[in-house]
Amino acid sequence: MKFESGTYYIWVGGSCDYGHKERAGGGAYIAELNGSIVDKFTTAEFNTTEFKMIFAAMDHAVEKYSGAPIVFLSNVQYIQKYEKPLNAAIKILPYHKFPQQTEVHQMASDAMRELRGNITTAK
């Protein structure tokens, strides 16, 4: 894949602990511009799914980089269901293997664990 100058390439991932009744989930992204990592983001919520958290991370990136061309990359096909804002210069590439895949998943899992830990320690 050839990376175009001035385009944000954003690797997204998510995690969810479906085994718990309140289902904590996390989402994350790593953003690259012109060959350099420019941002990392995580989010977490209860009563959610992995895919909702991926979309939450994508929403954050779209808002942060409003007006700039964005290419979202993920190892899951589900991101094709993302509802792109009107007039947004967004491309979505599912099933894309990438070196950042492990790090993005770990970031999402860590955000989910941190959320769960904050609740556990508060009891």
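Modeller: Start with a term: a helix here is a DSSP run of H or I, at least four residues long, numbered from the N terminus. Keep in mind that this is a predicted model.

Colleague: How far apart along helix α2 are Asp 110 and Arg 113?
Modeller: They are three residues apart, so about one helical turn separates them. Asp 110 and Arg 113 form a salt bridge, with the closest N and O atoms 3.0 Å apart. Asp 110 is partly exposed at 37% relative accessibility. Arg 113 is partly exposed too, at 46%.

Colleague: How many salt bridges does a search of the whole structure find?
Modeller: Five. For the cut-off, a Lys or Arg side-chain nitrogen must lie within 4 Å of a carboxyl oxygen of Asp or Glu.

Colleague: Is Arg 116 buried or exposed?
Modeller: Buried means under 20% relative accessible area. Arg 116 has 17%, so it is buried. Glu 22 is partly exposed, at 23%. Asp 17 joins Glu 22 and Arg 116 in a network of salt bridges.

Colleague: Which side chain meets Glu 103 in a salt bridge?
Modeller: Lys 40, at 2.4 Å from N to O. Here helix α2 is linked to strand β3, by residues 63 apart in the chain. Glu 103 is partly exposed at 33%, and Lys 40 at 43%.

Colleague: Now the sheet. In what order do the strands come?
Modeller: The order is β3-β2-β1-β4-β5, in an open sheet with mixed pairing. The edge strands, β3 (36–45) and β5 (90–93), each pair on one side only. Twist averages 20° from one strand to the next.

Colleague: Which strands pair with β4?
Modeller: Strand β1 (residues 8–16) pairs with β4 (residues 70–73) in the parallel sense, over four bridges. There, Tyr 8 has Ile 70 as its bridge partner. β5 also runs parallel to β4, joined by four bridges. Leu 73 is partnered there by Leu 93.

Colleague: What covers the two faces of β4, and are its residues buried or exposed?
Modeller: Both faces are covered, and the residues are buried: Ile 70 and Phe 72 on one side, Val 71 and Leu 73 on the other. Helix α1 (residues 50–64) lies across β4, among other strands, and runs at about 35° to β2.

Definitions and conventions:
Residues numbered from 1 in each chain as written. Predicted model: local features only at pLDDT ≥ 70, side-chain atom pairs only at ≥ 80, totals over all residues. Heavy atoms only, no water. Pairing = 2+ DSSP bridges. Axes fitted to C-alpha atoms, helices over the stretch in contact; angles between N-to-C directions. Contact = heavy atoms within 4.5 Å. Buried < 20%, exposed > 50% of the residue type's maximum accessible area, 1.4 Å probe, protein only.
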